[in-house]
Amino acid sequence: MVSEDMVRAALKNVIDPEIGLDIVNLGLVYRIDVVEEGAKVDIDMTLTTPACPAGPQILDQARREVMALADVYKNLEDVKINLVWTPFWNPSLMSEEARDELGFF
């Protein structure tokens with residue numbers, strides 16, 4: 001069965017092309033909900049800015065990375081990505097690893 005940890009690991013493959021770091025460590029993923037015994041995944045995430053030119057690419061890649069889990073876990077039927085703006089993203093949401101990489105102290 002697909003788990004939240006598996007989804008989070010899949011989302012670490014999604015790199016923001018402008019920043020060069022994954023969306024999980026950037027703090028863009030706010031919520032992962034695996035429901036119906038792993039058949040559906042519902043994700044709340046944001047972008048670094050509403051005007052992010054890579055936004056559509058990032059959202060599409062996030063969905064594809066999680067749907068790739070269906071190759072192994074056949075019961076995964078649907079992945080829903082919800083783009084949210086609350087709370088608005090800021091650098092304090094990044095992991096310590098991401099802050100170190102980008103030089104935020």
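A: Methionine 45 is buried, with a relative accessible area of 0% (buried means under 20%, exposed over 50%, partly exposed in between, using a 1.4 Å probe and protein chains only). Bear in mind that this is a predicted model, where local features need pLDDT of at least 70 and side-chain atom pairs count only at pLDDT 80 or more, while totals for chains, interfaces and linings use all residues. Residues are numbered from 1 along each chain as its sequence is written, and side-chain values use heavy atoms, leaving out hydrogens and water.

Methionine 45 sits in strand E2 (strands are DSSP runs of E with at least two residues, helices are H or I runs of at least four, and both are numbered from the N terminus). Setting aside neighbours within four places in sequence, methionine 45 is in contact with Ile23, Leu28, Val29, Tyr30, Ile58, Leu59, Ala62, Ile81, Asn82, Leu83 and Val84; contact means heavy atoms within 4.5 Å. Its C-alpha atom is also 9.6 Å from that of tryptophan 89, 44 residues apart along the chain.

Now for the strand itself. E2 is mostly covered, with five of its six residues buried. The sheet is open and mixed, and its three strands come in the order E1-E2-E3 (strands pair if DSSP finds at least two bridges between them). At the edges are E1 (29–35) and E3 (78–83), each pairing on one side only.

On one side, E2 runs antiparallel to E1, and six bridges join them. Valine 34 has valine 41 in E2 as its bridge partner. The E1–E2 hairpin has four residues between the strands, and glutamate 36 there takes a positive phi near 50 degrees.

Isoleucine 43 has isoleucine 81 in E3 as its bridge partner, and aspartate 44 has asparagine 82. Helix H2 (residues 55–67) packs on the sheet, touching E2 and E3, and its direction makes about 155 degrees with that of E3 (axes are lines fitted to C-alpha atoms, for helices over the stretch in contact, and angles between N-to-C directions run from 0 to 180 degrees).

Finally, the core. The largest nonpolar one has 28 residues, and those touching the most other members include Val41, Ile43 and Ile58 (such a core is a set of buried Ala, Val, Leu, Ile, Met, Phe, Trp, Tyr and Cys residues joined through side-chain atoms within 4.5 Å). H1, E1, E2 and H2 each give two or more residues to this core.
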